[in-house]
Each structure stands twice: as structure tokens, then as C-alpha cells.
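Visitor: I have a structure here that I would like to understand. Could we go through it together?

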Amino acid sequence: MYHKPKIVVLGAGYAGLKTVRDLTKALSPDEADIVLINKHNYHYETTWLHEVAAGTINPNQARFMISDVVNPSRVRLIYDTVEKVNKEDQRVILENGEITYDYLVIATGFETNTFGIKGMEENSLSIVDINSSRLIREHIELKFAKYSAGEITDESALTILVGGAGFTGIEFVGELAEKVPQLCKKYDIDLKKTRIINVEAMPSILPMFEKDLVEYAMKSLEDRGIEFRLGAAINECTKDSFIIGENNEEIKAGTIVWTGGVTGSSVLTESGFEIERGKVMVNSDLRAPNHDNIFVLGDCAWVMDPQADRPFPPTAQAALQHGEVCARNIKALLHDEPLENFHFVDRGTVASLGVTDGIGNILDGTKLTGKAAATMKKVVDNRSLFKLGGTRILLKKGKVRPF
Ligand code: FAD
Ligand code: NAD
């Protein structure tokens with residue numbers, strides 16, 4: 001009897017949603033059943049979460065309903081949490097059920113990695129999804145409101161500590177530099193009483209950028225009140241402080257946010273995949289080694305850059321491209337055709353430093369700073385929205401804020 005193949009995609013982020021959207025265009029409904037499983041009934045733009053966390057954009061701007069961009073009569077949508085994959089009997093175990101597959105795409109993204117730093121998991125907040133980011137925004141505002149109402153008298157309640165000065169940490173403090181003055185106005189608080197402190201173990205912020213761009217970013221942020229503690233490893237996080245550096249200096253704060261590292265989804269370890277530094281090192285066609293019917297994409301995968309002899313950095317830009325290649329490769333498998341290898345097209349990197357500032361390297365190595373970089377960041381953000389949601393979602397959620 002003919003068995004219609006079932007393709008199950010886990011995660012509706014950049015990689016998973018792009019795979020599903022492309023599959024629906026590439027395959028006719030007779031060729032395969034497609035199932036998309038995601039924790040929530042909405043997709044969120046992970047690359048905008050630092051703005052949600054600081055409160056410079058509304059959480060709803062950074063998300064849209066999956067059923068608005070994927071036809072539920074063509075794709076079965078399941079809103080549930082994936083616990084693990086039983087590879088032996090081709091079954092995905094969910095919190096509230098299970099489902100079998102013929103072809104599987106794992107794209108459940110990243111989780112926070114606290115590297116076992118004492119107290120970090122219990123005492124810090126982190127920027128992972130809409131809910132965790134919204135919690136940070138509410139937490140900061142509550143501290144300001146309580147201080148203003150006299151419920152808290154200790155000024156350290158108005159200090160925000162950010163651990164780690166990689167992309168996420170820097171983009172987050174950039175947004176905070178915009179938001180904190182607004183909160184001070186709202187709650188009649190003297191701005192001088194507030195502090196935003198970014199602690200970084202390495203001697204520099206954003207080591208992936210050239211020195212002049214790093215210097216530009218540091219100056220821009222310091223001019224707007226951000227304090228940096230560089231070359232200072234966080235040894236411990238208590239409920240209201242970081243303990244940093246060789247002398248175990250304590251810095252107190254009302255809000256503590258850890259942006260010091262991420263790792264691949266725990267679905268991978270729970271499912272018994274061979275893991276390297278938290279992710280699966282996939283074959284060049286994006287399949288998991290020794291599993292011809294399982295693709296691993298986005299922040300769950302390391303994809304080797306053959307030119308540099310190291311994996312490509314995990315980014316949304318790459319995750320979208322994984323989705324495109326994965327959809328084509330699943331079609332190739334169904335049609336008994338050869339699979340293609342993944343080739344990353346690097347369109348450059350931009351880091352925002354708040355709404356109107358940023359740094360970036362684009363396309364041919366052109367360096368951008370200031371409003372040009374901030375504008376480019378919005379172009380990149382809108383491009384991803386368009387790729388995942390089309391014109392309608394772009395018009396509804398796109399970034400058009402004037403400077
Ligand atoms: P995600 O987009 O994170 O999607 C994962 C999906 O899986 C989510 O919908 C999630 O809800 C779902 N999910 C997770 N676990 C489960 C489960 N157990 N069961 C069911 N569903 C689950 N990259 C860039 O290229 N440019 C940028 O400007 C940029 N800015 C960033 C800013 C921030 C604040 C952060 C945190 C990251 C940024 N990145 C950026 C990196 C980029 O966001 C990631 O590389 C990208 O999100 C990876 O895409 P993904 O599809 O693998 O995962
Ligand atoms: P990251 O790993 O890039 O940066 C973490 C930073 O924390 C590092 O600088 C590290 O030295 C520091 N750190 C780690 N342990 C520490 C300790 N004990 N004390 C003090 N500092 C410590 O993590 P991220 O910034 O969350 O980025 C994750 C991924 O997402 C990256 O691959 C990045 O490329 C991507 N991303 C990209 C963008 C963008 O393109 N604009 C924005 C955000 C994230």
C-alpha cells in the first residue's frame with residue numbers, strides 16, 4: 001500500500017518556518033504531509049528580543065501568528081513542546097503526545113548557557129524568547145516604580161547589570177541607554193541615580209569586529225552612560241549582585257541579565273545525538289551524521305566552513321539559508337535526486353547600539369557606523385520578516401521608526 005511520506009519540522013523559528021514555507025511551495029499536497037510543531041502558536045523574531053527585553057518595542061511587534069503565514073489546511077500545526085526524538089522508531093515525544101515521522105527537521109534553536117557559574121541560573125534573567133524578554137522589561141520597570149513609590153530606598157535597585165559583552169549584551173545595553181532615561185521621566189527619578197553596567201571576561205567587547213568599530217561602539221555607549229568592566233570574569237551571581245574579577249569585587253543591582261552564552265536546544269542531548277559544544281556537527285547537506293532522514297538546522301547545528309576550517313557563526317541569516325537548502329534537499333530525497341551542499345552567502349554583520357546607532361561590516365567589507373548602520377539593521381530586520389511572512393506581515397510588523 002502507498003504510504004505518503006510525513007515530514008515533521010520541530011521549531012517555527014527562522015530555520016523551521018523557512019523550511020516549511022519553502023516545502024509548501026516545492027511539494028504538492030499529494031507528495032507529502034507536512035507537520036510543524038512549535039512551543040507557541042506564534043513565531044517571534046529572535047533578533048529583536050533585546051528590544052523587547054529593554055522595552056523599546058512592544059512584544060507584539062516582534063511576533064506573528066504562525067497560522068497567518070502557513071496554511072493550516074496544507075500544514076498540520078501542533079503547538080506543543082518537544083521533549084525528545086526516538087530515532088529508533090522514528091517518533092517525536094511531545095509534552096502532550098507523540099508523532100511519527102519519515103523525515104525530520106530539528107530547528108528548536110538555542111538555550112542559555114551559564115557555564116555552571118555559581119548562582120547564575122537561579123538568580124539572573126536571560127533573553128531567550130518573548131516571555132523571558134518581556135519578564136526583563138517588566139522586572140526593570142517594577143524596580144523603578146517601587147523606588148519611586150518609596151517601597152525600595154536602596155539606589156542599587158536602579159542598577160542594571162548585564163553579564164557578557166557579545167552581540168546580545170551590547171545590543172541590549174544599547175537599547176537600555178534609550179529606555180532608562182524614559183523610565184526616569186515616567187517615574188520622576190534622577191537619571192544620575194541609575195547605572196547600566198556591562199561586565200565582560202575578555203579585554204574587549206564584540207571581538208568579531210575590527211578595532212576601530214569596537215572603539216566607536218565603546219565610545220558611543222559610554223557617552224550615553226553605559227559602564228564597562230572589561231577583563232573581569234563573573235565568578236558568581238547572587239540574588240542581587242555579581243561577584244567579579246580576581247578580587248571577587250561585588251557589584252549590587254536590582255536587575256541582573258545574563259547574556260554570556262548560548263548552546264543548542266536540549267532536545268538534541270535528550271535525543272542522544274552526538275554533541276559537540278552543545279550542537280550537532282551536521283554533514284554538508286545539513287543532515288545529522290548517520291541519520292539520512294534527519295536534518296538539523298539553525299542554532300542546533302554546526303555547519304563547517306570549508307574555507308576557514310571552522311563552523312560558520314550561528315545567526316538568523318544562516319538559519320534562513322539552512323531552511324532554504326533543507327527544503328530543496330527534502331524534495332531531492334523524495335524525488336531520488338542528489339542532495340546539494342550548504343554554501344553560506346555572507347551578507348555581512350550589523351550590531352545595533354540603540355535605535356539610531358550601530359556598527360557593521362557589509363557585503364564587500366564596507367564598514368558602517370551611526371545612522372547608516374542603524375538603518376542597515378532595520379533593512380536586515382525587515383528582510384527577514386518579509387522572507388518569513390511576506391508583504392502582509394512586513395507591512396504589519398516592519399520597522400519604520402523615523403530617526
Ligand atoms: P529560533 O529562531 O530561536 O527558533 C526556535 C524556535 O523553536 C522558536 O519558535 C521556539 O519557540 C521553538 N522551540 C524551542 N524549543 C522548543 C521545544 N522544545 N519544542 C517546541 N518548540 C521549541 N542573528 C543575526 O543573523 N542577526 C542579528 O541581528 C541577530 N540578533 C540577535 C539578537 C538577539 C537578542 C539574539 C538572542 C540572537 C540574535 N541573532 C542574530 C542570532 C539569531 O537570532 C539565531 O541565530 C537564530 O534565531 C537561530 O534561528 P533558529 O531557527 O535556529 O532558532
Ligand atoms: P556570545 O557567546 O557571542 O557572547 C558572550 C560573551 O559573554 C562573550 O564575549 C564572553 O567572553 C562573555 N562571557 C562568557 N562568560 C563570562 C563570564 N563568566 N564573565 C564575563 N563575561 C563572560 O553570546 P551572544 O552575544 O548571546 O551571541 C550568541 C550568538 O547569537 C552569536 O553567535 C551571535 O553571532 C548571535 N547574535 C548575533 C547578533 C547580530 O548579528 N547582530 C546579535 C545577537 C546575537
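Visitor: Which residues are closest to ligand 1?
Guide: This is a predicted model. In it, 30 residues surround ligand 1, and the closest are Ala15, Asn38, Val82, Asp299 and Ala316.

Visitor: What does the backbone of Ala15 do there?
Guide: A polar backbone atom of Ala15 is 2.9 Å from an oxygen atom of ligand 1. Tyr14 also takes part, with a backbone N or O atom that lies 3.1 Å from an oxygen atom of the ligand.

Visitor: And which atom of Lys377 lies 3.4 Å from an oxygen atom of ligand 1, a backbone atom or a side-chain atom?
Guide: It is a polar side-chain atom of Lys377.

Visitor: How much of ligand 1 does the protein bury?
Guide: Taken alone, ligand 1 exposes 1,000 Å², and the protein buries 90% of that.

Visitor: Which elements give two or more residues to its shell?
Guide: They are helix 1 (14–26), helix 5 (167–186) and helix 8 (316–334). The largest share comes from helix 8, with three residues.

Visitor: What kinds of residues make up that shell?
Guide: The shell around ligand 1 divides into eleven nonpolar, 14 polar and five charged residues.

Visitor: Let us turn to ligand 2. How many residues surround it?
Guide: Ligand 2 is surrounded by 20 residues, and the closest are Thr168, Glu200, Ala201, Ile234 and Val350.

Visitor: Which helix gives the most to the shell here?
Guide: Helix 5 gives the most to the shell around ligand 2, with three residues. The shell consists of 13 nonpolar, five polar and two charged residues.

Visitor: Where does Ser271 lie?
Guide: Ser271 is in the loop between helix 7 (266–270) and strand 20 (280–281).

Visitor: Why is Ser271 classed as buried?
Guide: Ser271 counts as buried because its relative accessible area is 6%, and the cut-off for buried is under 20%.

Visitor: What does its side chain reach?
Guide: The side chain of Ser271 reaches the backbone oxygen of Val267 at 2.5 Å. A polar atom of that side chain also lies 2.9 Å from the backbone nitrogen of Val85. Not counting residues up to four places away in sequence, Ser271 touches Lys84, Val85 and Lys87.

Visitor: One more, please: is Asp381 buried or exposed?
Guide: Asp381 is buried, with a relative accessible area of 4%. Asp381 is found in helix 9 (residues 370–397).

Visitor: Which residues is Asp381 in contact with?
Guide: Setting aside neighbours within four places in sequence, Asp381 is in contact with Glu45, Thr47, Trp48, Glu51 and Lys399.

Methods: Residues are numbered from 1 along each chain as its sequence is written. Chains are lettered from A and ligands numbered from 1 in the order in which they are written. This is a predicted model: local features need pLDDT of at least 70, side-chain atom pairs count only at pLDDT 80 or more; totals for chains, interfaces and linings use all residues. Side-chain values use heavy atoms; hydrogens and water are left out. A residue is near a molecule or strand if one of its heavy atoms lies within 4 Å of it. A polar contact is a pair of N or O atoms within 3.5 Å; within protein, one must be able to donate a hydrogen and the other to accept it, and residues adjacent in sequence count only if both atoms are side-chain atoms. Accessible areas come from the Shrake-Rupley method with a 1.4 Å probe; for residues, only the protein chains shown count as cover. Helices (H or I, at least four residues) and strands (E, at least two) are DSSP runs, numbered from the N terminus. Ala, Val, Leu, Ile, Met, Phe, Trp, Tyr, Cys and Pro count as nonpolar, Asp, Glu, Lys and Arg as charged, and the others, Gly among them, as polar. Buried means under 20% relative accessible area, exposed over 50%, partly exposed in between (1.4 Å probe, protein chains only). Contact means heavy atoms within 4.5 Å.
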